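Look at the sequence and the model below. The paragraphs that follow go through strands, a ligand and a helix in turn.

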Amino acid sequence: MQLKRLEAYGFKSFADKISIDFDKGITAIVGPNGSGKSNITDAIRWVLGEQNVRNLRGTKAEDIIFTGSASRKALGVAEVSLFFANDGTLPVDFREVVVTRRLYRSGESEFYINRSRCRLKDIYNLFADTGIGHDGMSIIGQNRIDDILNSRPEERRAFFEETAGITKYRNRKRESVRK
Ligand code: ATP
Ligand code: MG
């Protein structure tokens, strides 16, 4: 499965609509400090359903909407879309899957799969067990690396077990032993 494109408008520092095409292979995004590199991964995480704004380096939901600059007014809405080439990983009958999330400054949010309105729960279900979800190991943020390096051995083990997909079996074992 491939993330083909990201489109964002009004998300954090992206006051103008941006469109980033990801080719096959590795894409590196480079730029000076504060130029918005991490905002791109925040945008991806947000569309995948991240609900904890602290994980997006904000303190309240509307922090992800462009707040304005010396020359630009603040915007009233943020919208991000991810375009996936679906090889069957996502359990829907579409070769291209577009997932969109929108947040208005009023607090109202909207979710779409292939331009059809859906619930956040549908987005979670779409990515469940694919390893792509917002809490999966597909995105490792700057602070996360420090967390891993500074973690205690038991915490580090939990990280490897999660990555290896063992956690769900451990949880199931714990549940059945309890019964
Ligand atoms: P570094 O190399 O230091 O990691 P970076 O390229 O990852 O930097 P980001 O953290 O993605 O940079 O971008 C930070 C910038 O985004 C800051 O200049 C900040 O002011 C801007 N920014 C964040 N949220 C908003 C917002 N809601 N509206 C406008 N600008 C924002
Ligand atoms: Mg950064």
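Two strands are said to pair if DSSP finds at least two bridges between them. The model shown here is predicted. In this model, strand 5 and strand 6 (residues 116–118) run antiparallel and are joined by 3 bridges. Across this pairing, Tyr112 has Arg117 of strand 6 opposite to it. The hairpin that strand 5 and strand 6 form has 2 residues between the strands, and Asn114 in that hairpin takes a positive phi near 45°.

In the hairpin of strand 4 and strand 5, 4 residues lie between the strands, and Gly107 has a positive phi near 110°.

Now turn to the ligand. Around ligand 1 there are 14 residues, and those that come nearest are Asn33, Lys37, Ser38, Asn39 and Thr67. What classes of residue make up the shell around ligand 1? The shell has 9 polar residues, 3 charged residues and 2 nonpolar residues.

The last stop is a helix. Helix 4 covers residues 153–164, and Glu154 is found in this helix. Is Glu154 buried or exposed? Glu154 has 7 C-beta neighbours inside 10 Å, so Glu154 counts as exposed. Glu154 and Ser81 are 73 residues apart along the chain, and their C-alpha atoms are separated by 37 Å.

Note on methods. Residues numbered from 1 in each chain as written. Chains lettered and ligands numbered in written order. Predicted model: local features only at pLDDT ≥ 70, side-chain atom pairs only at ≥ 80, totals over all residues. Near = placed C-beta within 6 Å. Nonpolar A, V, L, I, M, F, W, Y, C, P; charged D, E, K, R; others polar. Buried ≥ 20, exposed ≤ 12 C-beta atoms within 10 Å, placed from the backbone.
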